[in-house]
Amino acid sequence: MRIQSVEELQTLHQNNQPLLALRRAEAYVGQERIIMVCGGTGCHSAQSKELKEALAEKIKEHNLEALVDVKATGCFGFCAEGPIIRVFPDDVFYVKVTPEDAEDIIVEHMKGGKPVERLLFTEPSINEKVPTMHDISFYKKQLRIALRNCGIIDPEEIDEYIAAEGYLALAKVFGMEPEAVTKLMTDSGLRGRGGAGFPTGMKWEATRRAAGDQKYIICNADEGDPGAFMDRSLLEGDPHSIIEAMAIAGYAIGADTGYVYIRAEYPLAIERLEIAIKQARERGLLGENILGSGFNFDVLIKYGAGAFVCGEETALMRSIEGMRGEPFNKTVFPSERGLWGKPTSTNNVETFANVPIIVNKGADWYNSIGTATSKGTKVFALGGKVSNVGLVEVPMGTTLRELVYDIGGGIPNDRALKAVQTGGPSGGCIPTEFLDTPIDYESLQSIGSMMGSGGMIVLDEDDCMVNIAKFYLEFTCEESCGKCTPCRIGTTRLLEMLEKITSGKGTLEDLDKLQELSEVVIDSSLCGLGKTAPNPIVSTIKYFRDEYEAHIVDQTCPAHVCKDLLQIVITDKCIGCTKCSRVCPVDAIEGSVKQLHVIDQETCIKCEACISACPVNAIIMQ
Amino acid sequence: MSCNCSQGSENKELFNELGEFISSLPEQNESSLIQVLHRAQHIFGYLPREVQTYVAQKLNIPVARVYGVVSFYSYFTDTPRGEYVVQVCMGTGCFVKGSGKVLEAFEKSLNLKSGETSDDLKFTLSGVRCVGACGLAPVVIINEKVYGHVQSEDVESIIENHLVETLS
């Protein structure tokens with residue numbers, strides 16, 4: 001079982017090629033087929049496990065076990081259309097598949113050789129069925145580097161990962177000096193994908209140079225940004241690539257231990273990671289004297305416990321040490337004194353996912369992709385008011401317009417795009433005038449937002465920008481650890497002012513105060529959480545000041561969201577059925593049978609009971 | 001005199017289980033605290049004062065340190081949770097698709113505020129941070145079961161169906 005040397009690994013890589021042969025076949029060759037079922041969280045929640053079991057059962061029932069295999073794989077990214085399955089070698093892509101569809105897939109496709117037409121994706125722009133993944137517009141502009149193995153290999157099979165060049169990068173670095181490895185990362189231009197964009201090679205080199213016998217590698221998998229799930233998908237879909245990259249980093253900086261700090265709320269990712277670590281240890285790819293190189297490295301898992309601030313590296317280290325996750329002043333960088341006072345390099349999951357392929361393909365290949373300052377690709381969790389919700393990976397420099405319209409399929413229900421929110425609670429809202437800005441770290445910052453970990457929420461005309469800012473402040477206010485005053489008190493006061501405005505009690509003076517206090521919190525907070533918490537306010541005031549003024553001066557919420565500024569009214573669609581007046585708990589509705597009813601605004605408590613009771617949708621909020 | 005009631009002996013077994021877990025750890029000190037609390041909450045369902053005191057003694061640290069950690073992290077709770085834990089995702093993807101209204105509907109239907117547990121320990125209601133299933137937004141999770149594309153008018157039937165399914 002244990003792989004003793006680099007040569008043995010290379011032989012195994014060759015011998016394992018048949019495992020992926022069907023999935024790589026260019027043309028249809030015979031009757032053998034493999035069905036890959038998405039096992040990512042989105043599809044998993046939509047019964048993909050039951051689907052896989054149903055398919056396996058049908059294969060047995062129709063005596064096709066020798067010809068057809070079914071396997072789980074990582075996220076395909078097209079979550080809105082899940083559960084998704086992909087059939088090889090004829091490369092057929094099915095969407096919204098339920099366990100009940102298993103019979104048709106086995107009989108019509110596996111036995112009959114003809115794809116099940118009704119399960120193919122319908123391309124909305126041409127209103128035609130599209131059978132293969134690459135022809136779907138959602139995938140056309142994508143370039144999957146970090147997600148290269150998701151949807152291809154079974155994450156619970158180390159042999160499949162080895163067949164897909166797995167651990168060959170680790171073997172390769174054993175032939176290099178550690179310094180050459182950090183230089184390779186610097187030359188590739190890889191920057192931290194957790195949000196701040198610090199050059200990975202520089203971080204590794206600083207930790208490599210730091211004095212100390214004991215050093216640590218940390219993988220930051222505490223993905224707390226609401227609306228972002230790329231780290232989770234990577235850990236679920238390709239856990240070995242993260243383990244391999246951590247070992248490479250360990251070799252480069254001289255660490256023998258790596259910690260994965262992962263959210264306890266990600267049970268599936270934890271399970272897949274545990275399986276992968278166990279397999280890697282059994283094969284001798286973790287542990288002592290890896291591949292006969294003399295290098296020792298092991299990976300341990302540490303659970304987070306639901307604190308957003310622990311995504312900040314110094315807070316994260318405190319948490320691994322068993323304490324409250326409070327950040328500390330970086331008077332000395334963690335590369336000098338980090339975890340337990342030892343030199344430590346912390347990198348994000350997506351950053352690590354890029355490492356093995358950079359080692360295999362070289363720095364020049366990687367830095368030929370992207371923009372002048374931001375190299376490679378970025379994974380975004382595209383969500384909100386967009387047709388194709390899902391995980392997308394695009395080269396840096398792709399524009400927001402391409403993401404929202406070409407890949408995302410535009411805004412559903414004929415609504416108009418209002419803004420795109422990037423960077424989560426630390427980021428900002430980008431208005432439509434910047435749709436053609438190429439996305440990279442610098443350009444997003446220059447328009448008042450940030451890359452962040454890659455959450456990208458599309459907002460339409462039904463979203464109130466003041467309310468969105470309030471939503472994020474509620475989040476940061478609750479998640480502030482309380483250690484430093486500007487963040488603890490500052491975010492609370494900011495939130496209070498926003499609440500005042502959304503309830504119609506704000507003044508124009510509050511707008512100035514909001515801006516002034518935002519600047520103070522940004523300038524004086526201890527860690528990244530506080531320093532970026534006011535960004536959603538600053539960017540919405542900058543680009544959507546008219547909406548704030550409408551709340552304050554006109555006492556209206558233009559998007560009809562803020563309840564205190566709205567009235568419930570009965571339109572002339574009313575048929576006078578009296579249902580509304582019977583459910584009203586405060587008797588605010590008057591009117592006789594078959595007559596138009598009227599709501600007394602003074603008495604109404606806006607409980608909306610009448611809206612749900614009305615059989616003809618005559619009652620609206622405006 | 002020792003307590004002979006069944007709850008007492010059951011409790012003793014639970015403490016023994018936790019004790020064995022702690023003994024099996026390579027290090028019995030503060031660095032294992034969060035790991036121990038995760039296991040303790042798994043065993044007891046929540047972290048009452050006695051459990052926190054027990055953990056403090058075993059790891060040889062002040063109880064205040066243990067409480068400081070328990071109260072800091074939202075995953076830990078020192079009050080019991082209901083048999084059915086209803087979690088409404090309040091991540092941004094779900095929020096812009098109306099999860100706030102879904103949470104309100106649950107509050108009304110279960111007569112609980114977000115974060116509260118019913119007196120009969122049947123239901124706990126909470127709004128949670130992103131569960132990473134944005135393709136299904138708005139998402140509600142009851143115990144392990146995930147409900148996708150939930151609208152406020154679906155709330156009553158979800159509660160009823162869930163109870164019927166789990167009871168059968």
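Modeller: Contact means heavy atoms within 4.5 Å. In this predicted model, 33 residues of chain B are in contact with 51 residues of chain A. Residues are numbered from 1 along each chain as its sequence is written, and chains are lettered from A in the order in which they are written. Local features need pLDDT of at least 70, side-chain atom pairs count only at pLDDT 80 or more, totals for chains, interfaces and linings use all residues, and side-chain values use heavy atoms, without hydrogens and water.

Biologist: What is the area buried between chain B and chain A?

Modeller: Buried area is the accessible area (1.4 Å probe) that two parts lose on being put together, summed over both. Here it is about 3200 Å², with carbon and sulfur atoms giving 59%.

Biologist: How many salt bridges does the rule find across the interface of chain B and chain A?

Modeller: A salt bridge is a side-chain nitrogen of Lys or Arg within 4 Å of a carboxyl oxygen of Asp or Glu. The rule finds 3 across this interface. B:Lys101 forms a salt bridge with A:Glu608, their closest N and O atoms being 3.9 Å apart.

Biologist: Which residues have the most contacts inside the largest nonpolar core?

Modeller: A nonpolar core is a set of buried (under 20% relative accessible area, 1.4 Å probe, protein chains only) Ala, Val, Leu, Ile, Met, Phe, Trp, Tyr and Cys residues joined through side-chain atoms within 4.5 Å. The largest has 150 residues, and A:Tyr167, A:Trp204 and B:Phe106 have the most contacts inside it. Apart from it lies another core of 45 residues, including A:Leu339 and B:Phe76.

Definitions and conventions: Buried < 20%, exposed > 50% of the residue type's maximum accessible area, 1.4 Å probe, protein only.
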